[in-house]
Amino acid sequence: MSHISHIELDDANLPPPTPEIEQERRVAMFDLMEENSFTLPKRDDRRVPDGPYRVGLSIRDRRLVFDIRTEGGDPAAEFHLSLGPFRQVVKDYFAICKSYFDAVKTLPTHQIETIDMARRGIHNEGANILMERLEGKAEVDNDTARRLFTLICVLHFGG
């Protein structure tokens, strides 16, 4: 499978992130660049450029936009996904993350672990929604979907 060699978030018009959101972003981008799987499937007998790919993520007109380019910068694909299917899981993810960040400061380890398990469950749900929404457009593995979901949450933070 091919992969993402570079990812860019268009967050220029968003408010500055909190330190926790910025940390989530840094970790997701680092992990994504360390290891990911991203392939564009053939569509309607059209030739699809081989990866690796440069991926731009943005929110435009209340839609999540994937701008996929070759290493040389040539357009490879662009697709727009409705944000509707992500809204509740992103809201839940932010709520559980806030609980987790607060818990780390004051609660015992076993309670932090319980909150973290719930956080991972919501994160997995978001990754599954993303994989469903990308069906026929891009093929990603679960870890790549999880990291991309984190970046989508970062974009939602200001949106």
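How much space lies in the largest pocket? The answer is about 320 Å³, a volume being the space filled by probe spheres set on grid points joined across faces, edges and corners. This is a predicted model: local features need pLDDT of at least 70, side-chain atom pairs count only at pLDDT 80 or more, and totals for chains, interfaces and linings use all residues. Residues are numbered from 1 along each chain as its sequence is written, and side-chain values use heavy atoms, with hydrogens and water left out.

**Largest pocket**
- A pocket is an open set of points on a 1 Å grid over the protein atoms alone, where a 1.4 Å probe fits, with protein on both sides within 12 Å along at least five of seven lines; lining residues have an atom within 4 Å of a point.
- The largest pocket is lined by 14 residues, and E24, V27, D31, H123 and T150 are the closest to its centre.
- Two or more lining residues come from each of α1 (19-34), α2 (84-106), α3 (109-134) and α4 (142-158); helices are DSSP runs (H or I, at least four residues), numbered from the N terminus.
- α1 gives the largest share, five residues.
- The lining has seven charged residues (Asp, Glu, Lys, Arg), four nonpolar (Ala, Val, Leu, Ile, Met, Phe, Trp, Tyr, Cys, Pro) and three polar (the others, Gly among them).

**Helix α1**
- The 16 residues of α1 should span 22 Å at 1.5 Å a residue, and its end C-alpha atoms are 22 Å apart, which agrees; the expected span is 1.5 Å times one less than the number of residues.
- I21, E24, R25, A28, M29 and L32 are buried in α1 (buried is under 20% relative accessible area, exposed over 50%, partly exposed in between; 1.4 Å probe, protein chains only).
- These residues cover an arc of only 125° around the axis, which puts them on the same side of α1; the arc is that of the directions from the helix axis to the C-beta atoms.
- Exposed P19, F30 and E34 sit on the face turned away from the buried side of α1.

**Salt bridges**
- The count is six, with a side-chain nitrogen of Lys or Arg within 4 Å of a carboxyl oxygen of Asp or Glu.
- E24 and R119 meet at 3.3 Å, N to O. E24 lies in α1 and R119 in α3, so the pair ties together parts that are 95 residues apart in sequence.
- E24 is buried at 18% relative accessible area, and R119 is buried at 15%.
- R119 also bridges to D116, with the closest N and O atoms 3.1 Å apart.
- Shared partners join E24, D116, R119 and R120 into one network.
- D102 pairs with K98 at 2.9 Å; both lie in α2, four residues apart.
- D102 is partly exposed at 34%, whereas K98 is exposed at 52%.
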